[in-house]
Amino acid sequence: MRKRLLAAVAHPDDETFGMGGTLAYYASKGVDVYLICATKGEVGEVPPEKLQGFKSVGDLREHELCCAAKELGLRKVVFLDYRDSGMPGSPENHHPNSLMQAPENEVAGKIALLMREIKPQVVITFDPVGGYMHPDHIAVHKATVAAFKLAADSNYRTNGLPPFQIPKLFFHIFPRTFMKILVKWMPLFGKDPRKFGKNGDIDLTAILAEEFPIHARINYKDVAQKREKASACHASQGGDQQSGYFVTWILRLISSTEFFMRAYPPAHKNLREKDLFKGI
Ligand SMILES: [Zn+2]
């Protein structure tokens, strides 16, 4: 039986900066790794010189994702062709094609169809706060959880495909321990932990208000180089300077480990898995 993993994210770079080590690790073990990316990151800030030769920001970032997918060893990337909604409060939130404006059941229907086609044993997506409260991440989380149920629902019909119960569902988690240290230390250096990140639009204190259990740790030390190369593909997002997702950058230096909460089957609080496919 071939092992298949499906990851659902919102923007080109989410697959690498958040969970790239895990995706590369499983691809290197012969697992077919599929990626759903809901938008092309059209609203991301891009240095003008990086846009040369591309029609648009979306075009450039699609190219960067294809480059990263090759480095990580992904089997296939599927775009859902929504538009990046930008950070909360930005005018891009109201664009008619933005992911935020799409009805949840429409997005979930697209993902459920792919789930029935691919039949993954493991699905990964964002946690309920979308990692750092990005509205598109939260939308993908909700749609993926809904799709997970739809895919198994015998009353739900899509393209004549039979229902499929995916055995395991995980949420990618940024561990809070390190974030807590940052929130304590940043003010000492004159920095505001509520204005974290490249664009100052990440509120670490709000993220810390929500805590999620860690049920699985994936050590990707053996493929760390693949992850670094994939990161470099996302040059327009600072991935080539190793600044993409500062928190994971530090974690990468320390431990080459990515962290997950198991959403299905329900986990007892002391669960510690080292392999997302355990039991399959
Ligand atoms: Zn994102």
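This briefing describes the strands, helices and selected residues of the structure shown above.

The model is predicted, so that local features are reported only where pLDDT is at least 70 and side-chain atom pairs only at pLDDT 80 or more, while totals for chains, interfaces and linings use all residues. Residues are numbered from 1 along each chain as its sequence is written, and side-chain values use heavy atoms, with hydrogens and water left out. Helices (H or I, at least four residues) and strands (E, at least two) are DSSP runs, numbered from the N terminus.

- Strand S1 (residues 4–9) pairs with S4 in the parallel sense over three bridges, and Ala7 stands opposite Ile124 in S4.
- S4 also runs parallel to S5, to which five bridges join it, and here Thr125 stands opposite Phe171 in S5.
- Strand S5 (residues 168–173) and strand S7 (residues 257–264) are paired in the antiparallel sense over five bridges, with Phe260 of S7 as the bridge partner of His172.
- Strand S4 (residues 122–126) is largely enclosed by the rest of the structure, because five of its five residues are buried; buried means under 20% relative accessible area, exposed over 50% and partly exposed in between, with a 1.4 Å probe and protein chains only.

**Helices and their contacts**

- The axes of helix H4 (residues 104–118) and helix H6 (residues 135–152) come within 8 Å and cross at roughly 55°.
- H4 and H6 are therefore oblique to each other, on a scale in which angles under 35 degrees count as roughly parallel, over 145 as roughly antiparallel, 65 to 115 as roughly perpendicular and the rest as oblique.
- The contact between H4 and H6 (heavy atoms within 4.5 Å) includes Val107, Ile111 and Met115 of H4 together with Ala143, Ala147 and Phe148 of H6.
- The residues of the contact of H4 with H6 divide into eleven nonpolar, two polar and three charged, where Ala, Val, Leu, Ile, Met, Phe, Trp, Tyr, Cys and Pro count as nonpolar, Asp, Glu, Lys and Arg as charged, and the others, Gly among them, as polar.
- The axes of H3 and helix H9 (residues 224–233) also come within 8 Å, crossing at roughly 170°, which makes H3 roughly antiparallel to H9.
- Glu64, Cys67, Ala68, Glu71 and Leu72 of H3 make this contact with Lys226, Arg227, Lys229, Ala230 and Cys233 of H9, and its residues divide into five nonpolar, no polar and five charged.
- Helix H2 (residues 20–28) is mostly covered, with seven of its nine residues buried, among them Leu23 and Tyr26.

**Individual residues**

- Ile111, found in helix H4, counts as buried at 1% relative accessibility.
- Not counting residues up to four places away in sequence, Ile111 touches Ile36, Leu80, Ala143, Thr144 and Ala147.
- Asp13, in the loop between S1 and helix H1 (14–17), has a positive phi near 110° although it is a residue other than glycine, and it is buried with a relative accessible area of 6%.
- Lys119, in the loop between H4 and S4, likewise has a positive phi, near 55°, in a residue other than glycine, but counts as partly exposed at 38% relative accessibility.
- Gly30, which follows H2, has a positive phi near 90°.
- A cis peptide bond with omega about -10° joins Tyr264 and Pro265, and Pro265 has its place in the segment after S7.

Terms used:
Two strands pair if DSSP finds at least two bridges between them. Axes are lines fitted to C-alpha atoms, for helices over the stretch in contact, and angles run from 0 to 180 degrees between N-to-C directions.
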